[in-house]
Amino acid sequence: MSTLPQHRRRPLSPHEIRNSRIRQIGFRKGYDPGEVEALLHRLAEEVAARDGQLTTLAAENERLQRELYARRHGQLPDNAPQGLDESLIARQLQAQQYAEDLLAAAQTNAASLVAQSKHQAREIVLAARHTAEQAVREYRAAAGPTYTPDREELTRLATLAHWAIRQFSGLRAQVDATDDAARQELASILDRLGPLLQPDGRR
Amino acid sequence: MDVAALKASWAKASGLGDQVASYFYATLFSLDPGLRELFATSMGGQRDRLLAALGHIVSHVDDVERLVPFVEQLGRDHRRFEVRPQDYPTVGRALLHTLAHGLGPDWTEQLEADWTEAYTIVSGVMQRAAAAAEQVMPPWWDAEVIAHERRAGDIAVLTVRPAHELRYRAGQSVAVESHLRPKTWRYLSPANAPRSDGTIDFHVRAVPGGQLSPALVYQTRPGDVLRLGAPIGTRLTVPVGPGPDLLLLAGGTGAAPLKAVVEELAGGLPERKVALVLGAATRWELYDLPALHQLAEDLRWLQVIGVASDDPVDDHCATVAEAALQSGPWYDRLVYVCGSPAMVAGTCQSLLEAGYPAANLRLEQFDDKTYAPLREDLTPEAALAEVTRQ
């Protein structure tokens, strides 16, 4: 989260929450779900902390009021053991409502960011497939009598892998998180496919 | 105790819905701010659970045979929420104050006496059940994460090792909590039959904007310690003796309990034919299909079908129900359905429309809106009606 330094102690203001930016990944708009969740978690923690502070302050306030009453009147109020002050309950209600509103907003945001990312991932896959089918058509046109279904499938796979590798190399930012393994996997597929795709390749 | 008056007063108070529950918790935390620590940050699901449980208790207050087992289970279940005996009177005071507030001029001394009596009885049953359970099992099982494997982007397979033996049947569920989201419990199903080393696999999909699942998928690491509740559930387990052949229908991570069922059958239960249809939106999300295909190669009575319902590069997209109906007929089979609420509802609907008898359908869902004992209390017919009504 480039605009949300991890070590800052000061709590986020609602303004900062609304305007926070999550690092985009990939060559199109997309978000690292881990960061989305980390932000959500942080919001939840801060909301909980403030909720707790409000509760403590309200209880402290009530205690002080009782003490004040006792000093003035020489005794505790009649309802003291009950401790059921309607204004205290009202403050509790308010605090919880505030917490829930913030949390709901953060969750809605997180959900829509994830939905966006999924939509974009889908578009990327569709584009890859389109590219691969085009390569297959070109292979068919060029192959003539040397055509085999196996070679067609290899062309398709190789195009997908090449295409994906190109995309992945643009995704430096999230390589740490998930893509190292995928890159290696794709590279090893390409290694194995390479010899098969030479003009004199034999299966 | 005037049962009719009790029920009428609850009907009036609960008519105010969420407000009543909010007021109750505000009162409770005013009485004892320390109790706030027993609850998750988000109280939404908590309010739903409170209203549902109280409503169930009030409506069965004169049906002791049904009420007592439910309240006992509730008491046992509350041990993992770290409720202490001295908290019960505080909750009682908050409840009475809330009812008095909600009913206004209709709150009478007689009602106060009736509610006090009812609460004393119910909280007594809960505490006695909790104390009895103390002798038998821990309030929760600490379980260390020993492996965490990300699959298909938003899905992870976690392997945990409980510190003490956790006995369960394949097809059951356990409540799970993480220190990353204190007090937020969600139900997960072990994805394996009980093993000799006691380890358990969980399949978790990060629900976008969800409260616990994203933490389990994205932030949990080996060495973390989760808390597990006592296993619950009866509908997705398999009879130990001989039984009818099975059709298992799974959507996404709903495959977990059904995979466990297959493993349990492979472990020596009387043999029967099993067809497992596993569905997801895309092929990419069929995260466990290779392992299940491998199982099917080893077990000649098992057939596994994987299907994607909305895959951009798959020309044979179908829902689980469509794939099952095409590969059938399975009219003589017991059908287990497990997946998202939408998947379960759609699948049951399709099977019923295709003429499959409702009595053959088995499903079970534990969510954060209802106390699990309340779900277990539902008859199979009621559970099915509730699902297909959605």
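Which residues in H1(B) meet which residues in H6(B)? In this predicted model, where local features need pLDDT of at least 70, side-chain atom pairs count only at pLDDT 80 or more, and totals for chains, interfaces and linings use all residues, B:Ala5, B:Leu6 and B:Ser9 in H1(B) meet B:Leu111, B:Asp114, B:Trp115 and B:Ala118 in H6(B). Residues are numbered from 1 along each chain as its sequence is written, and chains are lettered from A and ligands numbered from 1 in the order in which they are written.

**Helix pairs in chain B**

Helices (H or I, at least four residues) and strands (E, at least two) are DSSP runs, numbered from the N terminus. Axes are lines fitted to C-alpha atoms, for helices over the stretch in contact, and angles run from 0 to 180 degrees between N-to-C directions. The table presents two pairs.

| Helix pair | Axes | Angle |
|---|---|---|
| H1 (residues 3-14) and H6 (residues 109-134) of chain B | 10 Å apart | about 95 degrees |
| H11 (residues 341-353) and H13 (residues 380-389) of chain B | within 8 Å | roughly 105 degrees |

The angle of about 95 degrees makes H1(B) roughly perpendicular to H6(B), a term that covers 65 to 115 degrees. The residues of this contact divide into five nonpolar, one polar and one charged. Here Ala, Val, Leu, Ile, Met, Phe, Trp, Tyr, Cys and Pro count as nonpolar, Asp, Glu, Lys and Arg as charged, and the others, Gly among them, as polar.

The axes of H11(B) and H13(B) cross at roughly 105 degrees, which makes H11(B) roughly perpendicular to H13(B). B:Val344, B:Ala345, B:Cys348 and B:Gln349 in H11(B) meet B:Leu384, B:Val387 and B:Thr388 in H13(B). This contact has five nonpolar, two polar and no charged residues.

Chain A holds five helices and zero strands. Of its 203 residues, 18% are buried, that is, 20 or more other C-beta atoms, placed from the backbone, lie within 10 Å of the residue's own. Two residues are in contact if their C-beta atoms, placed from the backbone, lie within 7 Å. Among contacts in chain A between residues at least 6 apart in sequence, 61% join residues at least 24 apart.

The contact between the chains takes 33 residues from chain A and 26 residues from chain B. On the side of chain A that touches chain B, helix H2 (33-73) and helix H3 (86-143) each supply at least two residues. H3(A) gives the most, with 18 residues. By class, this side of chain A has 17 nonpolar, eleven polar and five charged residues.

Methods. A residue is buried if 20 or more other C-beta atoms lie within 10 Å of its own, exposed if 12 or fewer, and partly exposed in between; C-beta atoms are placed from the backbone. Angles under 35 degrees count as roughly parallel, over 145 as roughly antiparallel, 65 to 115 as roughly perpendicular and the rest as oblique.
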